[in-house]
Amino acid sequence: MIFPEHCKHVGHASTKPCNEKVYFLSRYLLRDTAAGGHEILEVTLDQSEKGMMRTLLSSRVLAQENEVSRYPGKVNLHNRARLVELALDTGYRCTIFTGLDEHQTFVLDPDLSGFLKVHIYDVSPPRPGLSSCIRELEAAGMFGDLSIQFCHHIRDLTGVRADVFPCRAAGFEKTLDADTMLGGERVAGCLTASQFYTECYGSDFHLINICPLECVTDEPFIARCCRSEREGIHAWNGHTGAVVHWGADPVKIYEAVRDLARRWRAR
């Protein structure tokens with residue numbers, strides 16, 4: 001796969017105002033064809049020159065017009081995993097993308113096999129805060145340089161057969177934070193819910209553990225948990241991953257993902 005690291009390495013050639021000279025940062029050219037399409041060229045420039053426009057020493061065609069597609073609409077060029085996914089969907093060897101700021105890049109022979117797959121474990125309702133936050137950060141291009149692909153595992157709590165759920169925020173009718181327990185309930189919760197019930201009402205209940213960490217089956221992973229002592233990067237049930245607090249802000253989530261990717265690749 002060829003996917004330029006930065007759009008500054010990609011030029012657009014439609015005319016020749018400087019004859020056979022090319023902008024000094026260009027490594028690739030999107031060249032217009034007579035039929036109205038594009039072809040992709042890799043170029044070698046004279047690096048001994050000092051000007052902004054430098055002599056073209058050689059070029060070779062990487063993708064011909066019939067192999068190139070232009071993606072409709074504008075995209076965030078920094079969301080690299082998403083661009084590879086979109087390029088795969090076109091069915092062409094090469095897809096040209098236009099950014100929100102009109103810069104251009106391309107993906108040639110798209111391939112996700114070199115991307116690190118990070119598994120996200122979360123629950124809903126209410127809003128799956130970790131999963132949603134990572135989607136937003138990814139859409140903004142915050143993980144673009146990491147070559148990461150996320151796999152979201154979100155457990156639907158509405159399918160849990162329980163009498164009591166943790167809190168009213170999730171929209172359930174009977175919850176630990178708002179109702180009095182009578183004993184014998186099936187409680188959907190975690191270690192914190194179990195501790196709360198035991199301290200307030202005794203031990204006559206059955207816990208159905210819904211902690212996202214209980215769902216971890218793949219690595220590397222990132223999951224959220226309400227127990228602050230579990231935060232950090234470590235192994236859980238034999239799987240390496242990052243744990244962030246239930247109320248972690250976007251900065252902490254962003255840093256956890258980057259640290260996890262760095263450590264995993266350094267192993």
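Student: In what order do the 5 strands of the open sheet stand?

Tutor: The order is β1-β3-β4-β5-β2, with mixed pairing. Strands (E, at least two residues) and helices (H or I, at least four) are DSSP runs numbered from the N terminus, and two strands pair if DSSP finds at least two bridges between them. This is a predicted model, in which local features need pLDDT of at least 70, side-chain atom pairs count only at pLDDT 80 or more, and totals for chains, interfaces and linings use all residues. Residues are numbered from 1 along each chain as its sequence is written, and side-chain values use heavy atoms, without hydrogens and water.

Student: Now the helices. At what angle do α2 and α4 cross?

Tutor: The axes of α2 (residues 129-139) and α4 (residues 250-266) cross at roughly 75° and come within 10 Å. Therefore α2 is roughly perpendicular to α4, a term for angles of 65 to 115 degrees. Axes are lines fitted to C-alpha atoms, for helices over the stretch in contact, and angles run from 0 to 180 degrees between N-to-C directions.

Student: Which residues make that contact?

Tutor: From α2 they are L130, C133, I134 and L137, and from α4 they are P250, I253, Y254 and V257. Contact means heavy atoms within 4.5 Å. These residues divide into 8 nonpolar, no polar and no charged; Ala, Val, Leu, Ile, Met, Phe, Trp, Tyr, Cys and Pro count as nonpolar, Asp, Glu, Lys and Arg as charged, and the others, Gly among them, as polar.

Student: Which residues of α3 are buried?

Tutor: In α3 (residues 191-201), A193, S194 and Y197 are buried, meaning under 20% relative accessible area, while exposed is over 50% and partly exposed lies in between (1.4 Å probe, protein chains only).

Student: Why are they on the same side of α3?

Tutor: Because they cover an arc of only 100° around the axis, they are on the same side of α3. The arc is that of the directions from the helix axis to the C-beta atoms. The buried residues of α3 pack against β11 (185-189) and β12 (205-209).

Student: Last topic: where does C226 lie?

Tutor: C226 is in the loop between β13 (221-225) and β14 (232-236). C226 counts as partly exposed because its relative accessibility is 29%. Leaving aside neighbours within four places in sequence, C226 is in contact with C190, T192, H245 and W246.

Key: Parallel < 35°, antiparallel > 145°, perpendicular 65-115°, else oblique.
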